[in-house]
Amino acid sequence: MNLIQKERMPNIIMEKFVAFLRRYSTTQILLMGYLTVILLGTVLLCLPISIKEGEPNVLTAFFTATSATCVTGLIRADTFLHWTFFGQLVVICLIQIGGIGFMTFCILLFSIAGKKIGLLPRSLMQNAISAPQLGGIVRLSRFLFLGSLLLEGIGALLLSFYFIPKYGLGQGIWFSIFHSISAFCNAGFDLMGGQSGAFSSLTSEVGNWYLNLIIMSLIVIGGLGFFVWRDMLDARFHLRKTHLQTKLVLFVTFCLIFGGAFILFLLEVGGPIYSQMPLDEQILSSLFQSVTYRTAGFNTIPLNEMTDSSKFLGVVLMIIGGSAGSTAGGIKTTTFAVLVLSIVSIFRHRKQVEVFGRRFEDGITRSASCIFMLYLFLLIGSTMFISRFEGLPIIDVLFETASAVATVGVTTGITPSLHPISALILSCLMIFGRAGSLTFLLAFSSNKPPASSALPLEKVQIG
């Protein structure tokens, strides 16, 4: 092999790789990308250097890698007590890749290397972050990456004022970085097991307003969506100048956070948890859980001791989730808004779905209904199977499956003891939730063009 052939070898390999990818749709490539990252993470977490004690467990490693990549937070082994520093580093890297999106990293690497970014990676990036258009996708990827690092850095700096005095310089810095990334990416992984016991999350900090407000702020900012950040900056934070999606996201997020906190407070007042807490901690706990229910897996109160009504409220908030193009899961706030506004338009006898002086595009209600029904079918089916198979109360299983499919990560504590079959079902739900329902559906759908002729029309009575 001469010198010219050696120099062209990387380009030849890249050309063959791109040719291989062109055989598949963008949705199929995205799904394969997530699976590849999960498998790589599984291998790394199976290494002896990743585990503090005992032998590697493939199921635990796979479940943790899936949960981290899908920014969920459900775990079968406590992150601090089970994994070494190397294992924790693998987990946080998977969270960062899953939160920002592996396609963002790929495009940045291409850009740094001076490679021309073709239509395929641009299209993949657009699908991965739900970008409104293909143009400017490279600039957007840089904005996402640098913006995420900046916000995570600010969060880590603020958290360091709490963690460093408590744990010392080295561990305090690591705890600050880990929890800032985990909160911003809406993952819910924590390292508090060494302080308050395995699977305790932030229960030992239930009355800490400083820590709670920082974690909540990072979760909310990460769950708003990349499009909302950019739109707010372009409009210089003048809400009237923003796009309809930004207005919807901000309005629905505000209503869900404070409305959810108020309802949760009413449901838990006089209950076994709130009866032992002062009023200010009850208010803070209600706000914190209202935020984390929709997007992240942290908790400051023992969720297994909550009333069944509160658990069901949690299921509803988890299914709604965060916003499109964000680090959060669920059907998304915009999907929820479209469904509610569709009901309003029927009551008002309007043919179009309208809000804030604008109307939605044709077909958006059908897409929103499709997304909601996919989540509902998966939630009901998996809940019934796991509840019957494990012999567990259906409300606890419903809470766990909703947490998985919405990539939230809150738990009543049943995940570590689940049978491997049930754990694999939850893993599949997490992958479905992170990839997105439409992405998952289109990945297995036929690429055949629709028939040019329409079938005969016949009316069907509904309602």
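Predicted model: local features only at pLDDT ≥ 70, side-chain atom pairs only at ≥ 80, totals over all residues.
**Exercise 1.** Determine how helix α3 is oriented relative to helix α19, and describe the contact of α3 with α19.

*Solution.* 
1. Helix α3 covers residues 58-69 and helix α19 covers residues 420-435; their axes lie 9 Å apart, at an angle of about 20°.
2. The cut-off for roughly parallel is under 35 degrees, and α3 and α19 are therefore roughly parallel to each other.
3. The crossing of α3 past α19 is left-handed.
4. On the α3 side, the contact involves Leu59, Phe62, Phe63, Thr66, Ser67 and Thr69. These meet residues of α19 that include Pro420, Leu424, Met430 and Arg434.
5. Sorted by class, the contact of α3 with α19 holds nine nonpolar, four polar and one charged residues.

**Exercise 2.** Classify the orientation of helix α13 to helix α14, and divide the residues of their contact by class.

*Solution.* 
1. Helix α13 spans residues 244-268 and helix α14 spans residues 279-295. Their axes come within 8 Å and cross at roughly 130°.
2. Angles over 145 degrees count as roughly antiparallel and those from 65 to 115 as roughly perpendicular. The angle of roughly 130° makes α13 oblique to α14.
3. The crossing of these two helices, α13 and α14, is right-handed.
4. Among the residues that α13 brings to the contact are Leu256, Phe258, Leu264 and Phe265, while α14 contributes residues including Ile283, Leu287, Gln289 and Tyr293.
5. Eleven nonpolar, six polar and one charged residues make up the contact of α13 with α14.

**Exercise 3.** Locate Cys185 and describe its surroundings.

*Solution.* 
1. Cys185 sits in the loop between α9 (169-184) and α10 (193-196).
2. Because its relative accessibility is 0%, Cys185 counts as buried.
3. Cys185 and Val71 are 114 residues apart along the chain, yet 6.6 Å separates their C-alpha atoms.
4. Beyond residues up to four places away in sequence, Cys185 touches Val71, Ile95, Gln96, Gly99, Glu152 and Thr327.

Terms used:
Residues numbered from 1 in each chain as written. Heavy atoms only, no water. Axes fitted to C-alpha atoms, helices over the stretch in contact; angles between N-to-C directions. Helix = DSSP H or I, 4+ residues; strand = E, 2+ residues; numbered from the N terminus. Left-handed = near helix turned anticlockwise from the far one by under 90°. Contact = heavy atoms within 4.5 Å. Nonpolar A, V, L, I, M, F, W, Y, C, P; charged D, E, K, R; others polar. Buried < 20%, exposed > 50% of the residue type's maximum accessible area, 1.4 Å probe, protein only.
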